[in-house]
Each structure stands twice: as structure tokens, then as C-alpha cells.
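Have the chain open in your viewer.

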Amino acid sequence: MTALSGVVMDLCFSTHLANQAEKDAAPNLTLRGFDFIDRLKSQLEAECPGVVSCADIIALAARDSIVTTGGPFWRVPTGRRDGVISRLLEAQNNIPPPFGNFTTLQTLFANHGLDLKDLVLLSGAHTIGVSHCSSFSNRLYNFTGVGDQDPAFGHRKTFDLSYYTLVLKRRGLFESDAALLTNSVTSSLITQLLQGSVENFFVEFAKSVEKMGRINVKTGSQGEIRKQCAFVNS
Ligand code: HEM
């Protein structure tokens, strides 16, 4: 390949990535529940068209799914508007990978004003949900290249403190979960959470989610209220 064709290929590759949406980014490929969000949106549009954004619907649905699994209720400030730009690279560069070490997690959270306490509390959401093999299978087979298994592996369900118990027992599912033990601040935050009540965790978790819910929010005349959540308005 000549140097020029290499440059052309690089340009094509970057343009191709630049033309893809957030949903096409690797960390978003396993997201599910879009059909549910679409149903909520169409019911809301039928009642009061053009008022409730998809961003608000997602924030409210996230809160309600935590309540449904036994977690805390908190008031979700609304009034967000929807973005009109969606870029694969933005999602790829901002969403922490499950293979992330402590420094990567700390940096990606700090880039959005979230501190180590937020990192520990928000990771607590991994007390619920499922994961696909691709996010952790490297820990099962040949973890260090000698056909071995990552010693810190395990999993769990309902919304409570059990995530932290498992992380402390070195049974966090992702390397990012296990990474919380590799720093003295985050590991002692985990110990403190486990020494406190589940109610205390709920209150602190809710505060961090509210903080996360205020990141880069569009209000006023910014963005739009989408008619359909999967598309910008034409
Ligand atoms: C600390 C950085 C984080 C990393 C590296 C991370 C990574 C992941 C990965 C890889 C999955 C599994 C995806 C799959 O295989 O389908 C997952 C699932 C999940 N994550 Fe995180 N996550 C992080 C933070 C968060 C935060 C802040 C929340 C919410 C407050 C959260 C809530 C969830 C939930 C609820 C699931 C289960 C989803 C389902 O059942 O479909 N995670 N996370």
C-alpha cells in the first residue's frame, strides 16, 4: 500500500466512524429496552405532544427500574431536552470499558465532574442486571495468557448492598468492579458502605445518580423534544 492510499483509507475509516451514531458504539451495542422507551414516548405524545423529552423519559425509567428491583426512589428533576447530534466516537471515548483499570475509571468519571465517591456509589448499580459474555469472558479464559481464570469473578441480582460484598470478596464481575479495590480511597468507601445501613447506601446512591443526571443537560431552546426517540426531528 502506498503512503497516499494509507492516508485515504485512514480518512475513510475516520469518516465512517464519524458518520455512525452513539447507538453504534461498542459499549452501546448490548443496550436493550428501546422498545419500552418508544412505547412510553408514544403514549406521552398522544396525551401531551412535544412536551416530555426522551432524555427525561430515560432518566425517569432508570429511576423506576431501580425502584422496581427494590432500590431507592428519588425525585428526578425534569426539563431536559434531546440532542440533535449523535456520534459514535463521543460514546466510545466517554463510556468506561469493563476492562478499565482504576486510573481509566477515575479519569473518565472526573471528565464529567464525578468523583471517587460517585464512582463507588454508581458502580453499585451493578447489583442488578445482566451482562453479555463479551464484557468479561476474557476473565474466564486465559486471563494472564497462561490459560488461567481471573480470581476475582462472580455475579448477583436485586438492588441492595450485595454488589459491594461481592467486590470485597474479589467476586466483582468486571475488571472495572475489581479495580475499585486497587485504590485505598475507593476500597475504604466500599468498607464504609458495608458498615452502614442499606438506607444510607440508597440515599447516597440517589445523590450520585442525580449528579450524573445533571451532566451536559440541554435546556431552554437547546436541542429539541424528539417526536420519536430513535430519530432527530426532520
Ligand atoms: C464504572 C464504570 C462502569 C462500567 C465499566 C460499566 C460496564 C458495564 C458493562 C460492560 C455492562 C454489561 C453490558 C453487557 O454485557 O450487556 C454493564 C451493565 C450494567 N450497568 Fe454498568 N458500567 C459502569 C457504570 C455503571 C453505572 C454508573 C450504572 C448506573 C448507575 C451502571 C448500570 C448498569 C446496569 C443496570 C447494567 C445491567 C444492564 C442490563 O441488565 O441490561 N453501570 N455495565
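Thr-30 counts as partly exposed, at 37% relative accessibility; on this scale buried is under 20% relative accessible area, exposed is over 50%, and partly exposed is in between, using a 1.4 Å probe and protein chains only. You'll find Thr-30 in the loop between helix H1 (3-18) and helix H2 (34-47). Its C-alpha atom is 8.5 Å from that of Ser-131, although 101 residues separate the two along the chain. Helices here are DSSP runs (H or I, at least four residues), numbered from the N terminus.

A word on the ground rules: this is a predicted model, where local features need pLDDT of at least 70 and side-chain atom pairs count only at pLDDT 80 or more, while totals for chains, interfaces and linings use all residues. Residues are numbered from 1 along each chain as its sequence is written, and side-chain values use heavy atoms, with hydrogens and water left out.

Now for the cysteines. A disulfide, taken as a pair of cysteine sulfur atoms within 2.5 Å, turns up 1 time by this rule. It joins Cys-54 to Cys-229, with 2.2 Å from S to S. The link between Cys-54 and Cys-229 is left-handed, at -90° about the S-S bond. Cys-54 sits in helix H3 (residues 54-68) and Cys-229 in the segment after H11, so the bond ties together parts 175 residues apart in sequence.

| Residue | Relative accessibility | Class |
|---|---|---|
| Cys-54 | 4% | buried |
| Cys-229 | 15% | buried |
| Cys-48 | 28% | partly exposed |

On to the packing. A nonpolar core is a set of buried Ala, Val, Leu, Ile, Met, Phe, Trp, Tyr and Cys residues joined through side-chain atoms within 4.5 Å. The largest one has 28 residues, and Trp-74, Leu-119, Tyr-164, Ile-190, Leu-193, Phe-201 and Phe-205 touch the most other members. Helices H5 (102-110), H6 (116-123), H8 (162-168), H10 (184-195) and H11 (198-212) each supply at least two of its residues. A second, separate core has 6 residues, including Ile-37, Ile-57 and both Cys-54 and Cys-229.

What does Leu-119 contact, leaving aside its neighbours within four places in sequence? With contact meaning heavy atoms within 4.5 Å, the partners are Phe-102, Leu-105, Phe-109, Leu-180 and Thr-186.

The ligand's iron atom has a single donor from the protein, His-126 (NE2), 2.0 Å away. Donors are N, O and S atoms within 2.8 Å of the metal (3.2 Å for Na, K and Ca), and water is not among the atoms, so sites may look incomplete. His-126 itself lies in the loop between H6 and helix H7 (137-140).
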